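Please read the numbered points alongside the model.

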Amino acid sequence: MAGGLYVLALQNHTERDRIRQASVDLTPGCQEKLQRYGLAAGEHYASPYIGKTLARGYREEDVRAIQRGCNIIDDLQGHLAKDGASSRWNATRFLRSSQTTCDHCHQGIGDKQDAAGNRQIGSNHLGASWVMADMYDRFTGLLLTYELRQMQCYINSSNGFKPNAADDLMRDVTAYSRFLSGALDLKIGRRYPEQGIDEIPASATLKRGDDYIRGAHLFRQKCAQCHGPQGLGTKVEGKVLFPAVAGPDAYSVDSRMNFAMVNSVMPGFICRNMPPGQEGSLDNEQCRDIAYYIGTLPRPAGDRQGPLVAAWQQLMMTVMPPLTRYAELWGRNDPQREAD
Ligand code: HEC
Ligand code: HEC
C-alpha cells in the first residue's frame with residue numbers, strides 16, 4: 001500500500017517536472033500581452049512599456065513560469081488549451097464552477113489598460129497587488145501574503161477550494177504578477193490606484209438609499225443581453241462568452257463581489273468595468289442599485305456558511321430561475337423581452 005502510494009507520488013512528481021520543462025502554448029491574449037512587454041530570457045530584461053532595462057533578467061524557466069501564470073489568469077480552466085486543464089496544473093480540481101476564470105474580474109489578464117496604454121483605476125491589477133507584499137486585510141484582520149490573497153479568490157470569488165500555498169498554480173501566478181510589476185516599474189510597498197477595486201460606499205451617492213427595483217430595471221436594460229436575464233451567463237459551444245453573475249457558476253455568497261457581503265466592492269467593479277466598451281457610463285447610484293439587485297439573486301453558499309445555508313441556496317438556485325421566468329411572462333408587455 002505504502003509502496004503503491006510512493007510510486008504514485010513519484011509519478012506525479014515526474015509529471016509536474018515534465019510540465020515545468022515543456023514549452024508553453026500561450027492563449028491569444030497572453031501571446032499579445034507578453035510580446036508587447038518583450039518577455040524573453042536573458043541576462044537583462046528591457047521593458048518597452050517603460051523604456052528601461054531592469055537590473056536582472058529572466059532565465060528560461062522563469063519565462064515559462066510567467067507564461068503559464070498568464071495562461072492561468074486568462075484561461076484558468078484550460079478551455080483554450082490543447083490539453084485542457086492539465087496544462088493549467090489541473091486548476092479545475094479547485095473549482096466548482098465550469099465558467100470561472102480570473103480574467104473575468106481581474107480584467108486585461110490582471111493588467112487592464114485603455115487603448116493608449118494607460119492603466120485603469122480600480123481594475124484589480126495583479127502587478128499593483130503584488131508590490132503591496134504583505135497587505136493588511138480589513139475583512140479578516142490579518143496580514144495576507146500574495147499567496148493567501150490568491151487563495152481567497154479560489155475559495156469565494158471562484159467558488160472553489162484552496163490550493164496549497166506552494167502549488168505551481170499559485171507560484172506561476174505570482175511569477176506573472178511579479179513580472180507585470182517589473183515591466184510597469186511599480187515600486188515595492190507603494191499603493192497604486194489600479195490596485196483593488198475603486199469602491200463606492202453609500203455615502204458616495206445622493207443617499208436616497210439603494211433600490212432593488214431600480215436595479216432590476218437597469219440590469220435588464222444594460223446587462224441582461226450579455227449576462228442573461230437571470231444573470232446565469234452565456235456559454236456558446238462550451239466556451240464562456242459572458243460569465244455568470246448569479247447561480248451555480250457564479251462567485252459565492254462570501255465573495256467580496258457579493259453586495260450582501262461587502263456593499264461597496266461590486267458597485268465599484270460595475271462602475272469602472274461594465275458594460276465593456278462603455279465603462280464609466282453608469283453613475284454611482286446606478287451601480288449601487290444594480291449591485292444590490294444582483295446581490296439578491298441566488299448563488300452558492302460560501303466557506304463560512306453551514307450545510308443548512310448551502311442547502312437553502314441550492315434550493316433557491318433550482319427553483320428561482322423557472323419561477324422568475326414564469327412571473328415575467330405575466331408582466332410581459334415589452335416586445336423586446338420576448339427574446340429572453
Ligand atoms: C468573481 C470575481 C473574481 C474572480 C473570478 C477572481 N477574483 Fe481575485 N479578487 C476579486 C475581488 C473582488 C478582490 C478584492 C479586491 C479588494 O478587496 O479590493 C480580489 C482580490 C484578489 C487578489 C488580491 C488583490 C489585491 O490587491 O487585494 C489576488 C491576488 C487575486 N484576487 C487573485 C485571483 C486569482 C489568481 C483568480 C483566479 C483563480 C481570481 N483572483 C479570481 C474578484 C475576483
Ligand atoms: C457586451 C456584453 C456585456 C455587457 C452589456 C455587460 N457585461 Fe459584464 N461582463 C462581460 C464580459 C465579457 C465579462 C468578462 C470580462 C473579461 O473576461 O474581461 C464580464 C464580467 C462581469 C462581471 C465579473 C465576472 C463574474 O464572474 O462575476 C460582473 C460582476 C459583471 N460583468 C457585471 C455586469 C453588469 C452589472 C452589467 C450591466 C451594467 C454588465 N456586466 C454588462 C460582458 C458584458
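1. At what angle do helix α8 and helix α11 pack, and how far apart are their axes? Helix α8 (residues 212-222) and helix α11 (residues 284-296) pack at about 90°, and their axes are 7 Å apart. Axes here are lines fitted to C-alpha atoms, for helices over the stretch in contact, with angles running from 0 to 180 degrees between N-to-C directions. The two helices, α8 and α11, are therefore roughly perpendicular to each other (angles of 65 to 115 degrees count as such, under 35 as roughly parallel, over 145 as roughly antiparallel and the rest as oblique). Helices (H or I, at least four residues) and strands (E, at least two) are DSSP runs, numbered from the N terminus.

2. On the α8 side, Tyr 212, Arg 214, Gly 215, Ala 216, Leu 218 and Phe 219 meet residues of α11 that include Asp 289, Ile 290 and Tyr 293. Two residues are in contact if their C-beta atoms, placed from the backbone, lie within 7 Å. By class, this contact of α8 with α11 has eight nonpolar, three polar and two charged residues. Ala, Val, Leu, Ile, Met, Phe, Trp, Tyr, Cys and Pro count as nonpolar, Asp, Glu, Lys and Arg as charged, and the others, Gly among them, as polar.

3. The model is predicted: local features need pLDDT of at least 70, side-chain atom pairs count only at pLDDT 80 or more, and totals for chains, interfaces and linings use all residues. Residues are numbered from 1 along each chain as its sequence is written, while chains are lettered from A and ligands numbered from 1 in the order in which they are written. The mean pLDDT (the predictor's confidence in each residue, from 0 to 100) is 91, and 97% of residues reach 70 or more. Confidence is lowest in strand β2 (residues 52-54), at a mean of 79, and highest in helix α3 (residues 60-74), at 97.

4. The protein is divided into domain 1 (15-183) and domain 2 (202-339); these bounds come from an automatic or database domain assignment. Their C-alpha centres lie 27 Å apart. In the contact between them, 16 residues of domain 1 touch 19 residues of domain 2. On the domain 1 side, α6 gives the largest share, three residues, and the side as a whole divides into three nonpolar, 12 polar and one charged.

5. Ligand 1 is surrounded by 23 residues, the closest being Cys 102, Cys 105, Ser 129, Cys 153 and Gly 196. A residue is near a molecule or strand if its C-beta atom, placed from the backbone, lies within 6 Å of it. Helix α6 (residues 146-157) supplies the largest share of this shell, six residues. The shell holds 11 nonpolar, 10 polar and two charged residues. Because domain 1 and domain 2 both give residues to the shell, ligand 1 lies between them.

6. Around ligand 2 there are 21 residues, with His 104, Cys 223, Cys 226, Met 274 and Pro 275 the closest. The most comes from α9, with three residues. This shell divides into 15 nonpolar, four polar and two charged. Ligand 2 also lies between domain 1 and domain 2, because both give residues to its shell.

7. The peptide bond from Met 274 to Pro 275 is cis, with omega near -20°, and Pro 275 is found in the loop between α10 and α11. Asn 90, in the loop between α3 and α4 (107-110), has a phi near 50°, a positive value in a residue other than glycine. Most residues other than glycine have a negative phi, and most peptide bonds are trans.
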